[in-house]
Amino acid sequence: SVPKIYQNLEENDDLCKTETLKTEGLLQNFTQLLLLQKSCPRDWESMVGKSWYQCVAEKRGRMIEIQDFFHPSPDTQETPQLVVLQGAAGIGKSTLARQVRRAWGEGQLYRDHFQHVFYFSCRELAQCKQLSLAKLIAKDQTVPPVPIRQILSHPEKLLFILDGIDEPAWVLEDQNPELCLHWSQTQPVHTLLASLLGKSIIPEASLLLTVRTTDLNKIIPSLGQPHWVEVLGFSESGRKEYFYKYFSEKGGAIKAFSLVASDPVLSTLCEVPWVSWLVCTCLKQQMEQGRQLSLPSKTTTALCLKYLSLILPDQALLTQLRGLCSLAAKGICRRRTLFSERDLCEQGLSGDVIGTFLKIGILQKQPSSLSYSFSHLCLQEFFAAMFCILRNNEEKCGDMKIDRIVKTLIEVYGRDDLFEAPTIRFLFGLLSKQRVKEMEKIFITRLPLDTIWKMLYKARALPEHLHLCSLGLFHCFYETQNEGFLTKVMHDLQTIKVCDPTDMAYPVFQTNVNHLVVQTDMELMVVTFCIKFCRHVKRLQLSGYGQQRPTLLAPRMVLSRWIPFTDTSWQILFSTLEITGSLEELDLSGNPMSYLSLWRLCRTLRCPGCRLKRLWLVNCGLTSSHCEDLASVLSASSSLTELDLQLNDLGDRGVRQLCEGLRNPACNITIL
């Protein structure tokens, strides 16, 4: 007889059941994310033999929605079998993967394409030792008891969702690509997954993976040609939708979102779904405690510390944080996110304390097993970063303690992905003066202010790091919010010749032109903030849609993106440039600007700290209605000496207004 997939399972299978779809609150609050489909990740290909613009044009991609994942490619008309959802930590990949499974189950998605869809959390699968394909399928508890032979009778109608395939410390190499394995054959979990990915078992099935890294070949050597979808977080409307879903009362949602919307930096941070959750949680706590609504708006690290201060007002509970930090760090070092009750007890966390951490939401209990996890992986990485600082303070081993901590982090994340890791970014943020003071209040101890740059240098991470000038590194710098530190390290970067000039994902400070792809407002804010402190870069150029313009001699940074610049994008850019630092030239040519955006630009140009000398607004869709604000800048005593308005339909009225501004004695313009 044909066994049913729920029959004859071993009794100890409960120890490694997958999470399935029981995080209902999270899914009920699902909000559509910005999704960019591309032929490959932004930092995969080399530009050898190609111009930068040619390479960008090939990678342009297109915006899609969740129902488009398995649609035929516009270029090849081939239906993909392998789709990779790639994105930064906390950007919403796992929630999106679960939503695919739930929407299919409700008959809203892919019903004509797939007869069966299975969701698996790889962090939980990694706890299992051996599985057969039948037992793997049985772990998706939402599947009705259909015979395995019936399920596999149409393998082309199967979809396996593998969430967090790059989280466990495994290499999924198909050892026997020529050997067709049977669905009942038990084998190590990583071997089973490698067989699925390598197509030596049910090769007709489709796969949907979620990953942080873009270098999947290290983990899956037999990886074919997947369709890449970059998850970019919430849109402006998506942020508002999320807030209104989070708060049950409309009045609370209005208050919370109004506070965030009034602060461009905080609003930009909230394009990352995990940060939106963090902000909503903090504001809800303040509402329940009757406090005035206020939040630190600059960095995610500051928000995490605010979160701790709000949910842990009891000083007695604060003493248990060290054990929680130690648990988090050990998990990160061992690539583990699930912990048994014994693991928690070994850190001095009693049953009552565990219950309290569950109640306030730092920990959560997995519904399908006897294990615990942090409520979000980013939260675990934050606690791990705090442990690194506490351990560095407590050990009396001189400089060796710094070396050991950083070398461990390099072993965990690898050199190439070091600065992309949230733990490292949190370390940068925690080792700023303000954050150290806040940690001292929480842990009631004195902490030495060893900068993260010193820690990394002593561990010899920087001289050997090939991608020193990465977007990830800029994120780390941004978390410090330390102008003196940034001025020094950005100067040091200009003398370190380790960047690959053919890599389009990384700016190269030794060349005349430095290219960087920024797809989100968050990335735009971070990069703009940092390059102001780079004395070598005098010119900032925003290249919408990868357009190519003549190369000028001034050393410059070119920022490219495929998503149109919105009013919020311009607001972030112009507020950051109210103090321009070393920047002298700004080129916004080819990017359409609304009246509101130009008004914000003109306001920035009138700021005392803005020292821009040359401004290019070629082909920006400007009309006569924009000229009044431009004329006000010309007549003001600003540093601007050159303004290019070619290819704009300014009209006679607009030209007359500009001429009036030019005649003002305070006007410093020499070229218009």
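Figure 1. Among the contacts in the protein with a separation of 6 or more, 75% are accounted for by residues 24 or more positions apart; a contact means heavy atoms within 4.5 Å. This is a predicted model, in which local features need pLDDT of at least 70, side-chain atom pairs count only at pLDDT 80 or more, and totals for chains, interfaces and linings use all residues. Residues are numbered from 1 along each chain as its sequence is written, and side-chain values use heavy atoms, with hydrogens and water left out. The protein has 28 helices and 17 strands; these are DSSP runs numbered from the N terminus, helices being H or I of at least four residues and strands E of at least two. Of its 672 residues, 57% count as buried. Buried means under 20% relative accessible area, exposed over 50%, and partly exposed in between (1.4 Å probe, protein chains only). The protein exposes about 27,700 Å², of which carbon and sulfur atoms supply 51%; accessible areas come from the Shrake-Rupley method with a 1.4 Å probe, and for residues only the protein chains shown count as cover.

Figure 2. Strand β6 comprises residues 158-163, and six of the six are buried, so the strand is largely enclosed by the rest of the structure. In a regular strand the side chains alternate between the two faces of the sheet. In β6, L158, F160 and L162 point one way, while L159, I161 and D163 point the other way. Strand β4 (residues 116-121) runs parallel to β6 and is joined to it by six bridges; strands count as paired if DSSP finds at least two bridges between them. Y119 has I161 of β6 as its bridge partner. Five bridges join β6 to strand β8 (residues 206-211), again in parallel, and L162 is partnered by L209 of β8.

**Figure 3. Helix α11 and the residue that follows.** Helix α11 covers residues 273-288, and its end C-alpha atoms are 22 Å apart, which agrees with the 22 Å that its 16 residues should span at 1.5 Å a residue. The expected span is 1.5 Å times one less than the number of residues. Buried residues of α11 include P273, W274, C280 and Q286. Just after α11, G290 takes a positive phi of about 70 degrees.

**Figure 4. Helix α22, an enclosed segment.** All 10 of the 10 residues of helix α22 (residues 471-480) are buried, so the helix is largely enclosed by the rest of the structure. Among them are H475, C476, Y478 and E479.

**Figure 5. S569 in helix α25.** S569 lies in helix α25 (residues 567-576). This serine counts as buried because its relative accessibility is 0%. Leaving aside residues up to four places away in sequence, S569 touches D521, L524 and R561.

**Figure 6. T445 in a loop.** T445 is located in the loop between α20 (433-443) and α21 (452-458). With 23% relative accessibility, T445 counts as partly exposed. The C-alpha atoms of T445 and L390 are separated by 9.3 Å, although the two residues are 55 residues apart along the chain.
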